[in-house]
Every structure is written in C-alpha cells, then in structure tokens.
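Trainee: I've just opened this one and I'm new to it. Could we take a close look at a single part together?

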Amino acid sequence: MSVRRLPKGEERASLAADFARLYEDEQLSIRAIQARTGYSYTGIRTLLIEARVTFREPARSETTLALADDCARLYRRDLSIRAVAAEVGYGYRYTRDLIVLGGAVLRDGDGRSRTAAVEASR
C-alpha cells in the first residue's frame, strides 16, 4: 500500500483541521487516523502539530504501571539502570523510561541525583 502525500496550501490546512477533529472530537489515535486515511503516521502527527493539537498522554495499562513501580523500587535500591534491565528482562531504554514513569529521580555516573549533579557543577 502506498502512503498518500500531504497536500500544500489551503488543502493542507483543511486536512490538518480534519485530522484535529478526528483526534480531539472522535478520540481516534494517530494509528487509527492512519488506517482510515492512508497518510503516514509522521505526516498525520505533523499536521496535528500544525493544527496546534494538545496530544493526549499515552494509555498505560495497570501491568505497565506496576512494572514501572517495580523498576523504580529496584533503582532506588542503588541498582544501575543496566542491572534493573537485566532483572526485568527489558532493554536499557525501555527500562529507563519505566524507572522515570515509576517516579524515581535519575542519578549521574557518581550516584548523585541529576539535580544535585547540576547544582554541584555550578
């Protein structure tokens, strides 16, 4: 299936307004708009930004939130992000995102919280 090209000018503004209506009023996801219209995810997101849409927070399942709490708890016990990732079986980046979602404050390489490290460097 080929991806449709975004129009220019007034047609583009009209399409951006249509996408904004689908996203805000009908509560469709960007993926659902993509499936309905044939435009790329990036193109739709670009037009939503042009339409000044406020993006919704991504939906988080109870399982993901519980995993985030577990990762943050392990990190607060002075495990590194890599050690937490090895413990839970996910990649570094996803584990880091889970730790932040769980509310933990990230540390620098010396073990200081990021905010304390910034203050110490001044």
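Trainee: How are H1 and H3 oriented to each other: roughly parallel or roughly perpendicular?

Mentor: Good place to start. Keep in mind that this is a predicted model. The axes of H1 and H3 cross at roughly 95° and come within 8 Å. An angle between 65 and 115 degrees counts as roughly perpendicular, so H1 and H3 are roughly perpendicular to each other.

Now look at what sits where they meet. From H1, the contact uses Arg 12, Leu 15, Ala 16, Phe 19, Ala 20 and Tyr 23, while H3 brings Ile 44, Thr 46, Leu 47, Leu 48 and Glu 50. Sorted by class, the residues of this contact are eight nonpolar, one polar and two charged.

Several of those names come back when you look at the largest nonpolar core. That core has 14 residues, and the ones with the most contacts inside it are Phe 19, Tyr 23, Ile 33, Ile 44 and Leu 48. Three helices each give this core at least two residues: H1 (9-24), H2 (30-37) and H3 (41-50). H1 supplies the largest share, with six residues.

Leaving aside residues up to four places away in sequence, Leu 48 touches Phe 19, Ala 20, Tyr 23, Ile 30, Val 53 and Phe 55.

There's also a residue ahead of H1 that is worth a glance. Leu 6 belongs to the segment before H1. Beyond its neighbours up to four places away in sequence, Leu 6 touches Arg 12, Leu 15, Tyr 39, Gly 43 and Leu 47. Take the pair Leu 6 and Tyr 39: they are 33 residues apart in sequence, yet their C-alpha atoms are 7.5 Å apart in space. As for cover, Leu 6 has 25% relative accessibility, so Leu 6 counts as partly exposed.

If you follow the chain out of H3, you get to Arg 52, in the loop between H3 and H4 (62-76). Its relative accessible area is 75%, so Arg 52 is exposed. The backbone there deserves a look too. Most residues other than glycine have a negative phi. Arg 52 has a positive one, near 60°.

To put our spot in context, let's step back to the whole chain. Of the 122 residues in the chain, 30% are buried. The chain exposes about 8,400 Å², and carbon and sulfur atoms supply 48% of that area. Among contacts with a separation of 6 or more, 52% link residues 24 or more positions apart.

Apart from the core we began with lies another one, of twelve residues, including Leu 67, Ala 68, Leu 74 and Ile 99. Leu 67 is in helix H4 and is buried, with a relative accessible area of 17%. Not counting residues up to four places away in sequence, Leu 67 touches Val 88, Tyr 90 and Leu 98. Leu 67 and Leu 101 are 34 residues apart in sequence, with 9.6 Å between their C-alpha atoms.

The axes of H5 (residues 81-88) and H6 cross at roughly 100° and come within 9 Å, which means H5 is roughly perpendicular to H6. On the H5 side you have Ile 81, Arg 82, Val 84, Ala 85 and Val 88, and they meet Tyr 92, Thr 95, Arg 96 and Ile 99 of H6. By class, that contact has six nonpolar, one polar and two charged residues.

Finish with Thr 95, which is in H6 (residues 92-101). Its relative accessible area is 0%, so Thr 95 is buried. Setting aside residues up to four places away in sequence, Thr 95 touches Cys 71, Ile 81, Val 84, Ala 85, Val 88 and Tyr 90.

Technical notes. Residues numbered from 1 in each chain as written. Predicted model: local features only at pLDDT ≥ 70, side-chain atom pairs only at ≥ 80, totals over all residues. Heavy atoms only, no water. Buried < 20%, exposed > 50% of the residue type's maximum accessible area, 1.4 Å probe, protein only. Contact = heavy atoms within 4.5 Å. Areas by Shrake-Rupley, 256 points an atom, 1.4 Å probe, with all protein chains shown as cover. Core = buried A, V, L, I, M, F, W, Y, C linked by side-chain atoms within 4.5 Å. Helix = DSSP H or I, 4+ residues; strand = E, 2+ residues; numbered from the N terminus. Axes fitted to C-alpha atoms, helices over the stretch in contact; angles between N-to-C directions. Parallel < 35°, antiparallel > 145°, perpendicular 65-115°, else oblique. Nonpolar A, V, L, I, M, F, W, Y, C, P; charged D, E, K, R; others polar.
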